[in-house]
Amino acid sequence: AALEEEANALFAALPNLLDDDTPDGAGETENVVVAEWGTDSRKLGDEGDYLWHDDLAAGLGGFDAEAASKVSGARFAVLRGGVARLERALGAFFLDMHTDSGGYEEVSSPVIVARSALEGTGQLPKFEDDLFKLDNHKVRGEDAFLIPTAEVPLTNLVAGDILEESDLPIRVAALTHCFRAEAGSYGRDTRGLVRQHQFAKVELVKIVAPENGVAEHEALVADAEKCLQLLDLPYRKVSLCAGDIGFSARRCYDLEVWLPGPQEYREISSCSLMGDYQARRMGLRFRPKPAKDENDGGKKKKGKPKPLFPYTMNGSGLAVGRALVAVLENHQNPDGSVTVPRALRPYMGGAESIIPPKK
């Protein structure tokens with residue numbers, strides 16, 4: 001028992017093995033840009049030519065940093081009026097996109113999970129400092145945490161199960177609030193809404209047969225890209241190198257949206273293929289269909305096939321807070337108003353723009 005406990009602890013600290021297609025590289029400067037969209041329409045200029053999202057939102061009467069600090073402290077936000085409605089519209093639009101035409105099942109999931117759930121998807125033990133732990137609450141006798149992403153509850157819905165191959169693929173989507181302590185990030189991205197302790201996000205999760213893993217991953221990335229395109233937001237698709245890829249991923253694309261205020265690209269979605277890494281940690285398996293015996297007229301072979309580990313993957317479709325930042329900055333007008341993208345107008349009562357309040 002002692003040896004098994006030690007072995008499990010060692011294995012839990014090991015990251016995933018990388019896919020052969022993951023680029024070599026020591027850090028983010030060696031990530032590979034594989035595609036761009038809308039770059040000809042970027043708002044380019046010198047610093048100060050375009051307002052940052054927080055100045056825009058404040059001018060619209062929609063961002064109250066002082067009130068947020070009063071009730072919760074730093075790295076929280078209070079949104080009001082048209083800006084608050086725009087945030088709500090983005091979440092609803094993303095969820096409708098993925099469930100109406102993307103083939104995902106909508107799930108409403110808990111935002112409090114047990115330690116074992118975070119171990120199953122790979123957030124623990126390595127990233128405990130980045131999580132919000134609940135001191136006065138237990139889940140099944142385990143430590144309880146607020147979710148850093150809906151990937152955790154969505155993937156763990158089938159933890160420990162033996163599925164049938166006919167149950168696959170599983171495609172689910174959820175709009176949740178997420179919570180991150182952002183340990184070690186102090187001094188970075190402290191302005192506005194870019195790096196918050198609490199933020200809304202639509203998460204996409206797929207569980208598929210191994211032979212369909214790469215194709216389903218590419219399709220998941222395309223689903224997130226479609227949202228950016230319908231919002232008319234310039235972005236680029238980046239393949240993360242070995243030195244920048246996440247702990248649990250074997251292959252990962254980041255979608256980076258253009259922000260005119262700081263004149264830079266910022267990550268708005270990270271779409272990771274985990275292979276069977278999470279399935280092994282969660283004890284999730286599936287039973288393949290019985291093979292046919294070609295020497296016996298194509299009849300099914302006798303006996304039950306050995307259960308296999310499926311592939312899991314996930315991605316933001318999209319991060320609502322950063323999408324709000326991108327819409328405000330990319331669709332700003334010289335008079336301080338913001339044009340509402342056509343795709344969002346049905347969610348905004350038909351409004352074509354958000355206008356600063358009269359003084």
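1. Throughout this note, a residue is called buried when its relative accessible area is under 20%, exposed when over 50%, and partly exposed in between, with a 1.4 Å probe and protein chains only. By that definition, both phenylalanine 247 and tyrosine 277 are buried. The structure is a predicted model, in which local features need pLDDT of at least 70 and side-chain atom pairs count only at pLDDT 80 or more, while totals for chains, interfaces and linings use all residues. Residues are numbered from 1 along each chain as its sequence is written, and side-chain values use heavy atoms, with hydrogens and water left out.

2. Strands (E, at least two residues) and helices (H or I, at least four) are DSSP runs numbered from the N terminus, and two strands pair if DSSP finds at least two bridges between them.

3. Strand 10 pairs with strand 11 in the antiparallel sense over nine bridges, and strand 15 (residues 311-319) runs antiparallel to strand 11, joined by four bridges. Serine 272 stands opposite cysteine 252 and also opposite asparagine 314 in strand 15. Glutamate 267 in strand 11 stands opposite glutamate 256. Four residues lie between the strands in the hairpin of strand 10 and strand 11, where glutamine 263 takes a positive phi near 55 degrees. Nine of the twelve residues of strand 11 are buried, so this strand is largely enclosed by the rest of the structure.

4. How many cavities of 30 Å³ or more does a search of the whole structure find? The search finds one. A cavity is a set of points on a 1 Å grid over the protein atoms alone where a 1.4 Å probe fits but cannot get out, and its lining residues have an atom within 4 Å of a point. Grid points are joined across faces, edges and corners, and the volume is the space filled by probe spheres set on the points. The largest cavity holds about 30 Å³ of space. Its lining consists of Val194, Val257, Leu259, Arg266, Glu267, Arg322 and Val325.

5. Six aromatic pairs are present in the structure. Rings of Phe, Tyr and Trp (its six-membered ring) pair if their centres lie within 6.5 Å; planes under 30 degrees apart count as stacked, over 60 as edge-to-face and the rest as tilted. The rings of phenylalanine 127 and phenylalanine 247 have centres 5.9 Å apart and planes at 90 degrees, so this pair is edge-to-face. Phenylalanine 127 is in the loop between helix 5 (115-121) and strand 4 (133-139), and phenylalanine 247 is in the loop between strand 9 (235-239) and strand 10, so the pair ties together parts that are 120 residues apart in sequence. Phenylalanine 127 is partly exposed at 29% relative accessibility, whereas phenylalanine 247 is buried at 11%. Phenylalanine 247 also forms an edge-to-face pair with tyrosine 277, at 6.4 Å centre to centre and 75 degrees between the planes.

Key: On a 1 Å grid over the protein atoms alone, a cavity is a set of points where a 1.4 Å probe fits but cannot get out, and a pocket is an open set with protein on both sides within 12 Å along at least five of seven lines; lining residues have an atom within 4 Å of a point.
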